[in-house]
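This report goes through a single protein chain, taking selected helices, a strand and the nonpolar cores in turn. The sequence and the model are shown first.

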Amino acid sequence: MKKIFTTLLSGILALASCNAATTDANADKGSKASSKASTVYYIKNITPENLVKIYNALGRKAQGRVGVKISSGESNKTNHLDTALINPLVKAVNGRFIECNTAYNGNRMDSQKHYNTAVEHGYVGIDIMDSIGTADLPVENGFHLKKDIVGKNFLDYDFIVVLSHFKGHQMGGFGGALKNISIGIASSEGKAYIHSAGATENVKDRKVFATDQDAFLESMADACQAITRHCGDNIIYINVANKLSVDCDCNANPEPAKMADLGILASTDPVALDRACVDMVYSSPDHGKVHMIERIESRHGSHILEASEKHGIGTQNYRLVTIE
């Protein structure tokens, strides 16, 4: 049984309305706006079975050579997704874990070290996509970027399952589907290019992490545009909102999670999906949410949603469909 409820995106998600009848999304903006709302599916209980269930609810079957984009986690202390949780979904789509190297010194900047770290974390058979080089994808009318530099092997996949751990992020405010397809699919050089808003591809350049915050977020949106245009309809997005630390899985020593898990959310629209996750943080009855909210607001994290929407990647208007 599916129960449908909606959100006014200028306000806060009312979780108490889960049993309400269907209403028009953004009704104050008129029926035209509501007709453009994307569907986001939600399951509260985070289980392997429910991951497969929410994938099936999307109605978009992964076919051909399927890449499952995850974050492999910087250390054993990070909150990367447990393979015991996600392996049944990977098997259901006949997929292979895919990742790219980082742009900072650590366990995942070097391809061999990255591969070894990922296998230690359970991601057996992972493809480090920039281990043999890079490829450029065009950005059309970008805010700052003219291209997105991705791992060369990314071009070998027919379908992408973007499986993200939704949490805070020390630079972006939050990390979800949009961060996973922009920074996540970019090669080391591509990450430097995004972080510097197009100023450099050199990971050792001092300009890499010294750009204006909004320019960084807009550059992430540029990279998202390149990925979504390349994939077309051959991509889906699933966010697992658990272990909600204010820090990303790229942080080897993240802050402990201060709020309870929210659940699993999924959509064919990454903007709507990340918007729904952010709304759930704000509307949570958990007092620990103040830490996540501070991280999002102090980094102007919602700007990536605005920039991605302007690029036509998706919409912040959505219907939330709860699956029991």
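## Helix H2

Helix H2 covers residues 48–58, and its buried residues are Asn50, Leu51, Ile54, Tyr55, Ala57 and Leu58. Buried stands for a relative accessible area under 20%, exposed for over 50%, and partly exposed for the range in between, with a 1.4 Å probe and protein chains only. Helices (H or I, at least four residues) and strands (E, at least two) are DSSP runs, numbered from the N terminus. Viewed down the axis of H2, the buried residues fall within an arc of 160°, so they line one face of the helix. The arc is taken from the directions from the helix axis to the C-beta atoms. Glu49 and Asn56 are exposed and sit on the face of H2 turned away from the buried side. Gly59 follows H2 and has a positive phi, near 70°.

The model is predicted: local features need pLDDT of at least 70, side-chain atom pairs count only at pLDDT 80 or more, and totals for chains, interfaces and linings use all residues. Residues are numbered from 1 along each chain as its sequence is written, and side-chain values use heavy atoms, with hydrogens and water left out.

## Helix H4

In helix H4 (residues 111–120), the buried residues are His114, Thr117 and Ala118. They cover an arc of only 100° around the axis, which puts them on the same side of H4. An α-helix has 3.6 residues a turn, so residues three or four places apart point the same way. The buried residues of H4 pack against strand S4 (95–99) and strand S5 (127–128), where contact means heavy atoms within 4.5 Å.

The N-terminal end of H4 is capped by Asp110, with a side-chain oxygen 3.1 Å from the backbone nitrogen of Gln112. Such a polar contact is a pair of N or O atoms within 3.5 Å; within protein, one must be able to donate a hydrogen and the other to accept it, and residues adjacent in sequence count only if both atoms are side-chain atoms. After H4 comes Gly122, whose phi is positive, near 100°.

## Helix H7

Of the 19 residues of H7, 15 are buried, so this helix is largely enclosed by the rest of the structure. Asp212 caps the N-terminal end of H7 through a side-chain oxygen that lies 3.1 Å from the backbone nitrogen of Asp214.

## Strand S13

S13 is mostly covered, with 5 of its 6 residues buried. Leu320 belongs to this strand, which spans residues 318–323, and Leu320 counts as buried because its relative accessibility is 0%.

Strand S2 (residues 38–43) pairs with S13 in the parallel sense over 5 bridges; pairing requires at least two bridges found by DSSP. Thr39 stands opposite Arg319 in S13.

## Nonpolar cores

The largest nonpolar core has 56 residues, of which Phe154, Phe166, Ile227 and Leu265 touch the most other members. A core is a set of buried Ala, Val, Leu, Ile, Met, Phe, Trp, Tyr and Cys residues joined through side-chain atoms within 4.5 Å. A second, separate core of 32 residues includes Ile54, Leu58, Val240 and Ala266.
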